[in-house]
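Visitor: I have a structure to look through with you. Could you show me how to read its features?
Guide: Happy to. Let's bring it up on the screen.

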Amino acid sequence: MSKSAQILEINPPNELRFQGPFTQVVSSELSLINPSDKHVCFKIKTTAPKRYCVRPNSGILSPKQNLAVQVMLQPFVYDPNEKNKHKFMVQAVLVPNADADAEAVWKSANSGDVMDTKLKCVFDVPGEQRTSQVESSSPSKSPDSKQEQPRSGVDLASLNETINKLRGENEALKENQWKGQVQSASSSSSFSTMTIVTILIALILGIVLGKLIL
């Protein structure tokens with residue numbers, strides 16, 4: 001048997017939001033409106049009954065009545081893995097007469113006559129909102145820019161290698177130039193020494209020959 005369409009107007013229609021931090025009781029309001037000309041019996045259930053206090057959680061709505069329901073989330077240690085897992089369900093059934101007992105109405109109601117609406121719970125955590133905003137506002141990197149990074153790294157390494165090689169060649173050139181200057185100076189010194197020795201020998205020979213001739 002198919003379910004009957006929800007006769008109540010529920011606001012918000014899809015979700016209940018709770019603003020953190022959750023170190024104290026956090027409330028969210030649920031509005032139930034009976035737009036019909038009949039009395040409607042309602043009941044509110046949750047998948048986490050130990051976490052919530054609902055006032056009122058059941059009753060009978062008169063025709064055109066608007067009822068504000070307070071849903072109070074009890075203090076707890078927030079776990080991100082538990083986010084959006086809690087759910088509520090608002091059930092409604094038409095009351096045959098205004099004097100009917102709500103408990104008796106539910107016991108005698110057929111499953112096809114029960115109208116239900118499901119709502120999920122949303123936990124708003126200020127820190128998570130700021131994080132998501134920063135992530136969404138940060139510029140995204142394209143695949144091309146990611147591929148260019150390794151190429152720029154290779155070019156830099158090659159450039160450093162070339163600079164080091166040039167430095168080494170410059171040092172070697174300076175060393176060779178210095179050795180050449182030392183050798184040149186040494187050759188000049190040797191040449192000068194040999195010249196002086198030759199002159200002295202020539203003078204000595206000249207003196208000896210002169211004495212022999214005399």
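Visitor: Let's begin with charges. How many salt bridges does a search of the whole structure find?
Guide: Four salt bridges turn up. Bear in mind that this is a predicted model. To read such a pair, look for a side-chain nitrogen of Lys or Arg within 4 Å of a carboxyl oxygen of Asp or Glu. Arg17 and Glu15 give one case, with N to O at 2.5 Å.

Visitor: Which residue besides that one meets Arg17 in a salt bridge?
Guide: Asp124 does, at 2.7 Å from N to O. Asp124 sits in strand β9 (residues 115-124) and Arg17 in strand β2 (residues 15-19), so this pair ties together parts 107 residues apart in sequence.

Visitor: Is Asp124 buried or exposed?
Guide: Go by relative accessibility: under 20% is buried, over 50% is exposed, and anything in between is partly exposed. Asp124 has 11%, so the label is buried. Arg17 comes out as partly exposed because its value is 41%, and Glu15 is partly exposed too, at 24%.

Visitor: Now for the inside. What's the general idea behind a nonpolar core?
Guide: In soluble globular proteins, nonpolar side chains tend to be buried together. Here, the largest nonpolar core has 28 residues, and Phe18, Leu30, Leu32, Ile44, Tyr52 and Val71 are the ones that touch the most other members.

Visitor: Which elements give two or more residues to this core?
Guide: Those are β2, β3, β4, β5 (52-55), β7, β8 (87-94) and β9. For a close-up, pick Ile44. Leaving aside neighbours within four places in sequence, its contacts include Leu30, Leu32, Val54, Val69 and Phe88.

Visitor: How many aromatic pairs does the structure hold?
Guide: Eight. To read one, check the distance between ring centres and the angle between the planes. Phe18 and Tyr52 are 5.6 Å apart centre to centre, with 50° between the planes, and the pair is tilted. Phe18 is in strand β2 and Tyr52 in strand β5, 34 residues apart. Both are buried.

Visitor: Why is the pair of Tyr78 and Phe123 edge-to-face?
Guide: The planes stand at 75°, with the ring centres 6.4 Å apart, so the pair is edge-to-face; the cut-off for that label is over 60 degrees. Tyr78 lies in the loop between β7 and β8 and Phe123 in strand β9, so the pair ties together parts 45 residues apart in sequence. Phe123 is buried, with a relative accessible area of 1%.

Visitor: Which residues form one aromatic cluster?
Guide: Phe18, Phe22, Tyr52, Phe76, Tyr78, Phe88 and Phe123.

Visitor: Where does a nonpolar patch form on the surface?
Guide: Look at Ile196, Ile199, Leu200 and Leu203, which together have about 390 Å² of accessible area. Leu200 is placed in helix α3 (residues 143-213) and, at 47% relative accessibility, counts as partly exposed.

Visitor: And Gly112?
Guide: Gly112 is in the loop between α1 (102-108) and β9, and its 4% relative accessibility makes it buried. Its C-alpha atom is separated by 6.4 Å from that of Ser4, 108 residues away along the chain.

Visitor: How many helices and strands does the protein chain have?
Guide: Three helices and nine strands, in the pattern β-β-β-β-β-β-β-β-α-β-α-α along the sequence. Of the 214 residues, 23% count as buried. Among contacts between residues at least 6 apart in sequence, 70% join residues at least 24 apart.

Notes: Residues are numbered from 1 along each chain as its sequence is written. This is a predicted model: local features need pLDDT of at least 70, side-chain atom pairs count only at pLDDT 80 or more; totals for chains, interfaces and linings use all residues. Side-chain values use heavy atoms; hydrogens and water are left out. Patches are made of residues with over 30% relative accessible area and no salt bridge: like charges are joined within 9 Å, nonpolar side chains (Val, Leu, Ile, Met, Phe, Trp, Tyr) within 5 Å. Accessible areas come from the Shrake-Rupley method with a 1.4 Å probe; for residues, only the protein chains shown count as cover. Helices (H or I, at least four residues) and strands (E, at least two) are DSSP runs, numbered from the N terminus. Buried means under 20% relative accessible area, exposed over 50%, partly exposed in between (1.4 Å probe, protein chains only). A nonpolar core is a set of buried Ala, Val, Leu, Ile, Met, Phe, Trp, Tyr and Cys residues joined through side-chain atoms within 4.5 Å. Contact means heavy atoms within 4.5 Å. Rings of Phe, Tyr and Trp (its six-membered ring) pair if their centres lie within 6.5 Å; planes under 30 degrees apart count as stacked, over 60 as edge-to-face and the rest as tilted.
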